[in-house]
Amino acid sequence: MNKSLAEKFYYYMKLGREFELRAKEEYMKGNIGGFLHLAIGEEGTHVGAILGFGNGEFFVHYRDHVYAIARGISPKLLMAELFGKITGVSKGKGGSMHFYSSKFNFYGGNAIVGAHIPHAVGLAYAKKYLGKSDGVMVAFGDGSTNSGNFYESLNLAAVYQVPLLFFCENNYYAIGTRIDRVSAFKDLYKKAKDYMIAIQIDGMDVFEVYRAVSLAKEYIQEEGKPYFIEALTYRYESHSMSDSGDYRSPRELKIAKEKDPIDNLLKKAFKESLLTKEFVEEIDRKVEIEIEEAVEFALNSKEPDLEELYKDIFCED
Ligand SMILES: Cc1ncc(C[n+]2csc(CCOP(=O)(O)OP(=O)(O)O)c2C)c(N)n1
Ligand SMILES: [Mg+2]
């Protein structure tokens with residue numbers, strides 16, 4: 001692990017966390033409406049995966065903010081999207097669950113659990129068909145792995161041998177339902193291992209996620225075959241702003257927070273002299289300013305005109 005990578009990890013994880021903490025505040029003030037799913041606690045998984053995969057095409061479910069930030073999409077465009085403004089990354093028409101930017105190869109989020117997994121198989125198939133060597137990645141939650149779409153996708157990806165990285169974030173819950181109540185397997189990589197190489201990693205360790213995803217990317221590109229990673233992670237907040245999260249005990253939360261991915265990164269990086277205290281303080285100040293500017297931008301932007309309702313429905317090319 002080198003210094004510049006550790007610096008990037010810290011910057012994006014901190015930016016992601018502060019973005020979401022502020023989004024929660026703005027939601028409570030009434031500046032953001034609709035759904036809001038936060039990934040606080042999952043930053044090691046999201047940032048490690050995006051940076052490990054590079055610029056390749058990426059599909060994701062609705063818990064998409066930190067992925068978009070790590071992809072380099074401006075927090076201004078993302079905050080404006082949450083505020084429902086025309087300057088938002090999806091012109092204020094998608095909100096939290098539908099960040100989308102073809103410029104950034106970002107084809108998420110998607111609100112329907114598991115529905116985007118076959119889309120990713122389709123794009124990976126197209127790549128292979130057109131003789132392109134770069135791969136595609138799709139991120140989804142543990143809950144998706146109980147859906148038919150998921151198994152159809154594993155099957156087709158293996159039948160056609162497409163360059164697709166399946167990236168499962170196992171945070172142990174689908175809304176309020178704990179995984180062992182709905183899934184025959186607690187270790188979700190086992191659901192994929194007869195179709196392709198499938199591994200389980202510690203998603204609270206950004207270094208481990210980055211390493212595993214980088215290696216998987218090399219594999220799918222060189223071999224032209226699918227690959228499956230299950231990252232064990234945890235969300236600190238409730239499923240969305242509309243549930244209380246009280247289906248988890250305070251003790252469970254406390255144990256999870258002891259593995260906090262940002263603290264984890266700092267501990268390792270200080271020990272190996274990859275980060276300095278001065279750098280961390282400088283980033284904290286930079287992040288504070290960026291978030292403030294993002295909220296200003298969102299507040300001062302306009303809502304979409306009514307005619308926007310009829311745009312972006314059919315492909316015009
Ligand atoms: C097909 C479908 N069924 C049900 C829902 C309602 N729903 C929204 S999120 C969710 C839980 C999904 O959990 P998981 O895949 O583990 O992702 P996480 O929220 O934990 O990131 C459900 C059941 C939905 N959006 N789509
Ligand atoms: Mg889940």
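**Figure 1. Gly 109 in the loop between helix 4 (75-82) and helix 5 of a predicted model.** Helices (H or I, at least four residues) and strands (E, at least two) are DSSP runs, numbered from the N terminus. The peptide bond from Gly 108 to Gly 109 is cis, with omega near -20°. Lys 91 is found in the loop between helix 4 and helix 5 as well, and has a positive phi of about 55° although it is not a glycine. Most residues other than glycine have a negative phi, and most peptide bonds are trans. Residues are numbered from 1 along each chain as its sequence is written, while chains are lettered from A and ligands numbered from 1 in the order in which they are written. Because the model is predicted, local features need pLDDT of at least 70 and side-chain atom pairs count only at pLDDT 80 or more, whereas totals for chains, interfaces and linings use all residues.

**Figure 2. Buried and exposed residues of helix 6.** Phe 150, Ser 153, Leu 154 and Ala 157 are buried (20 or more other C-beta atoms within 10 Å of the residue's own; exposed means 12 or fewer, partly exposed in between, with C-beta atoms placed from the backbone). These four cover an arc of only 100° around the axis, which puts them on the same side of helix 6; the arc is that of the directions from the helix axis to the C-beta atoms. On the other side, Gly 148, Asn 155 and Val 159 are exposed. Helix 5 (116-129) and strand 3 (164-170) are included in what covers the buried residues. Just after helix 6, Gln 161 takes a positive phi of about 50°.

**Figure 3. Asn 146 in the loop between strand 2 (136-141) and helix 6.** Asn 146 is partly exposed, with 18 other C-beta atoms within 10 Å. Not counting residues up to four places away in sequence, Asn 146 touches Val 182 and Ser 183 (contact: C-beta atoms, placed from the backbone, within 7 Å). Asn 146 and Ala 184 are 38 residues apart in sequence and 8.9 Å apart in space, C-alpha to C-alpha.

**Figure 4. The residues around ligand 1.** Of the 13 residues around the ligand, Val 113, Gly 141, Asp 142, Gly 143 and Ala 174 come nearest (a residue is near if its C-beta atom, placed from the backbone, lies within 6 Å).

**Figure 5. Ser 273 in the loop between helix 10 (261-271) and helix 11 (277-300).** Ser 273 has a positive phi of about 55° although it is not a glycine. Ser 273 is exposed, with 9 other C-beta atoms within 10 Å.

Technical notes. Contact = placed C-beta atoms within 7 Å.
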